[in-house]
Amino acid sequence: MRRSVLTSLAIMAAVVAGVVSVSAASQAAAPSAVESKTLIFDVVFSPSSLVKANNVRIPHSPFALGDELTFHDQLFSRGQHVGDEVGSCVIVSIPPNPVLANCSLVARLPGGNIAAQFPSTAGPTPKDLALTGGTGTYRNIGGDGTLVEFGNGKGSLTLRVLSLVPRGGA
């Protein structure tokens, strides 16, 4: 009798383990529900504001390590004002090296915000952005983007947005 109880328990444990394994495997093998969407904006750049955060300055250099540039640019789509982007760049390298800054921005759009980070150098070189999250419609996003300055106070912002599945599979 004892042997039949042990055998029954072993069979039940094997069945439960098999069900759990099949369930876990089917979740792991399920296709990802990632959707992508490209958002393209015309940008009207604001004059940036320099915040001199470091009193130790190199003579004749406009920047010192730790200084911050702030901006508030306007975003347009098909000629219509659709939002803005606000942000700042902290100077992390100065001459004799090329000026380099660590930047972050938040694009405020109908339906929510999109946050991004990027390194920036002086000049119109396109900036590669990493989309780091969002709110509202953009709550579970990732992706990347490109910010281009045309040199006349205008530019373009292209965001390749991936809508990611929230953690926990919901």
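**Close-up views of a predicted model**

**View 1. Strand S1 against strand S9.** Glu 35 has Ser 163 as its bridge partner in S9. Strands S1 (residues 35-44) and S9 (residues 154-163) run antiparallel and are joined by ten bridges. Strands are DSSP runs of E, at least two residues, numbered from the N terminus; two of them pair if DSSP finds at least two bridges between them. The model is predicted: local features need pLDDT of at least 70, side-chain atom pairs count only at pLDDT 80 or more, and totals for chains, interfaces and linings use all residues. Residues are numbered from 1 along each chain as its sequence is written, and side-chain values use heavy atoms, with hydrogens and water left out.

**View 2. The hairpin of S8 and S9.** Nine bridges pair strand S8 (residues 141-149) with S9 in the antiparallel sense. Gly 145 has Leu 159 as its bridge partner in S9. Four residues lie between the strands of this hairpin, where Gly 151 takes a positive phi near 95 degrees.

**View 3. The largest pocket.** The space in this pocket is about 490 Å³. Its lining has 24 residues, and those nearest the centre are Ser 48, Leu 69, Cys 89, Ser 120 and Glu 149. Two or more lining residues come from each of strand S3 (68-77), strand S4 (80-93), S5, strand S6 (112-121) and S8. A pocket is an open set of points on a 1 Å grid over the protein atoms alone, where a 1.4 Å probe fits, with protein on both sides within 12 Å along at least five of seven lines; lining residues have an atom within 4 Å of a point. Its volume is the space filled by probe spheres set on the points, which are joined across faces, edges and corners.
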